[in-house]
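Here is a briefing on the structure shown below. Please read it alongside the sequence and the coordinates.

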There are 2 protein chains.
Amino acid sequence: MSYGKIYLVGTGPGDVELITVKGYKLICEADVILHDHLIPSELLRLAKPSAEIISVGKFAGRHTMPQLQINKLLIEKARDNKVVVRLKGGDPLLFGRGGEEAEECVQAGVDFEFVPGITSALAAPCYGGIPPTHRDCTSNIAIVTGHRKNEKEIEIPKAGTIIFLMGVANIGTIIKSLLEAGWPGQTKIAAIEKGTCYDQRVIQGTLDDFLEVTQKAKLRTPAIFIVGKVVELKEKLDWFGKKPRILLPGTHPDKYRHLGIIIHRPLIK
Amino acid sequence: MSYGKIYLVGTGPGDVELITVKGYKLICEADVILHDHLIPSELLRLAKPSAEIISVGKFAGRHTMPQLQINKLLIEKARDNKVVVRLKGGDPLLFGRGGEEAEECVQAGVDFEFVPGITSALAAPCYGGIPPTHRDCTSNIAIVTGHRKNEKEIEIPKAGTIIFLMGVANIGTIIKSLLEAGWPGQTKIAAIEKGTCYDQRVIQGTLDDFLEVTQKAKLRTPAIFIVGKVVELKEKLDWFGKKPRILLPGTHPDKYRHLGIIIHRPLIK
């Protein structure tokens, strides 16, 4: 019996050109693509005309496909002798459940490969002008998911820079936990909304006023938070914020499509 | 006066296909490339015939160019109206001194951009069959540099998974610091040497025996260490270790060149 193969591929954080060459090539070769909603949608245009493309992520109003069903579908398609590419935003193994899907492959006897992606945890600060590390600031960083079921408190590792993923809904708890862990109220914190996308926003405050500031700014998901001395470097290193806002393919929500905005930089030829 | 521009680009961890499409295109367009030694060397073949390629990294026996001189050269080339690409292994902002080089650009009034790269901190575990996070194991990770001057102790953040970069020379101190931070001696720890390269090695032990195990295995730099419950997933998820060892362009040390090993997978056409 001949089985196909499942590639668990990270697409990177949003800027379509931040996908890896390996991921790019696999999308071109895929027979079946299962994708989350937080991927640069332009990447799907790379697929073969015969490719089957299945959205398993949340779209306006529609529900996400349950994880068990995703697992089942992955295995089913691979057993059909297909090259199956499972696309996930960011990196598949950093709070991306790639490990769980790989376990399913092992259990079903289907070959799999991981293809890492650029995580928004590091790339969003980078596009926000905030280096996650700097020799003058810290010798370690921590990355924390702000999205855990049934958790009232968020455990705060003692690190020089802390980055929170998927924390928009839990922002109050995150701030409270940071203050309780001993971070001073005057500590600078930044939110990077839609990091690396042309409509990225960086919203800054201190732990004392951040809840108010983000409410006023109507901060929306997806966003990451970064806290630590490195946030102070933003004023100096804000390269992306100073660029003209160029709509790149794949970095825009579908609602802008009808505006017919000219795409300035083509995807790889 | 017209100035060029400096791109601070991460090449990813070693597997040549883990560079981003953005980084790939910039290498093709560069007038000048300044590169570290830990980059997939095959990438340099993408450069224009007229490009000036300058190694500023450590090569057998030769010294590294001092950081001040690298900064000076970057600015000088950009002022000469060149497209300057500064290539760094991994990600330029995760212990990569990219922030410092960007500060030099700002001071000199030269435009710059960051281009994130896949960090070995996350990709090496991924190729080692160890997901840095897993829902059953941890809601946070910490990444620590094991390479700090004049440090006797390494500060250990309290996190479910800890990854150490550049720690081979300080392995004794790292283990001692972990034990002092309360990690049990029986905790599993893995070293991933030359992560994502065709000759990657994964060396496993416990905190109690790891120093001995790595000495016996003659562990060499570059390597990352990963410690935490996720290490136990390796046996199940070791996809890369089960693949045939395929020599990819850019993933092999120069010493293998004379063996004339056939390259199985070409770089992007």
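B:Gly109 follows helix α3(B) and has a positive phi, near 75 degrees. Helices (H or I, at least four residues) and strands (E, at least two) are DSSP runs, numbered from the N terminus. This is a predicted model: local features need pLDDT of at least 70, side-chain atom pairs count only at pLDDT 80 or more, and totals for chains, interfaces and linings use all residues. Residues are numbered from 1 along each chain as its sequence is written, chains are lettered from A and ligands numbered from 1 in the order in which they are written, and side-chain values use heavy atoms, with hydrogens and water left out.

**Helix α3 of chain B**

- Eight of the eleven residues of α3(B) are buried, so the helix is largely enclosed by the rest of the structure. Buried means under 20% relative accessible area, exposed over 50%, and partly exposed in between (1.4 Å probe, protein chains only).
- The buried residues are B:Gly98, B:Glu100, B:Gly99, B:Glu101, B:Ala102, B:Glu103, B:Cys105 and B:Ala108.
- They pack against β1, α2, β4 and β5 of chain B, and also against α7 (234–237) of chain A. Contact means heavy atoms within 4.5 Å.
- α3 (residues 98–108) lies across β1, β4 (83–88) and β5 of chain B. It runs at about 160 degrees to β5(B). Axes are lines fitted to C-alpha atoms, for helices over the stretch in contact, and angles run from 0 to 180 degrees between N-to-C directions.

**The five-stranded sheet of chain B**

- Five strands form an open sheet with parallel pairing, in the order β3-β2-β4-β1-β5 (chain B). Two strands pair if DSSP finds at least two bridges between them.
- β3 (52–55) and β5 (111–115) of chain B are the edge strands; each has a single partner strand, so one side of each lacks a neighbour in the sheet.
- From one strand to the next, the twist averages 15 degrees.
- β1 (residues 5–10) and β5 of chain B run parallel, joined by five bridges.
- B:Lys5 stands opposite B:Asp111 in β5(B).

**Helix α5 of chain B**

- In α5 (residues 171–180), B:Ile171, B:Ile174, B:Ile175, B:Ser177 and B:Leu178 are buried.
- Viewed down the axis of α5(B), these buried residues fall within an arc of 165 degrees, so they line one face of the helix. The arc is that of the directions from the helix axis to the C-beta atoms.
- An α-helix has 3.6 residues a turn, so residues three or four places apart point the same way.
- The cover over the buried residues of α5(B) includes β7 (161–165), β8 (188–193), α6 (210–216) and β10 (223–228) of chain B.
- B:Gly182 follows α5(B), with a positive phi near 105 degrees.

**Backbone exceptions**

- Most residues other than glycine have a negative phi, and most peptide bonds are trans.
- A:Thr196 has a positive phi near 75 degrees and is not a glycine. It lies in the loop between β8 (188–193) and β9 (201–206) of chain A. A:Thr196 counts as buried, at 2% relative accessibility.
- B:Asn81 is another non-glycine residue with a positive phi, about 65 degrees. It sits in the loop between α2 (67–79) and β4 of chain B. B:Asn81 counts as partly exposed, at 44% relative accessibility.
- A cis peptide bond joins A:Thr221 and A:Pro222, with omega about 5 degrees. A:Pro222 is in the loop between α6 (210–216) and β10 (223–228) of chain A.
- In chain B, a cis peptide bond joins B:Thr221 and B:Pro222, with omega about 0 degrees. B:Pro222 lies in the loop between α6 and β10 of chain B.

**B:Lys236**

- B:Lys236 lies in helix α7 (residues 234–237) of chain B. At 40% relative accessibility, B:Lys236 counts as partly exposed.
- B:Lys236 touches A:Glu103, A:Val106 and B:Lys242, not counting residues up to four places away in sequence.

- A rotation of 180 degrees with 0.0 Å of shift along its axis superposes chain B on chain A, with an RMSD of 0.0 Å. The two copies are thus related as by a two-fold rotation axis. Superposition is by least squares on the C-alpha atoms of residues with pLDDT of at least 70 in both.
- The same surface serves both copies: of the contact residues of chain B, 100% recur in chain A.
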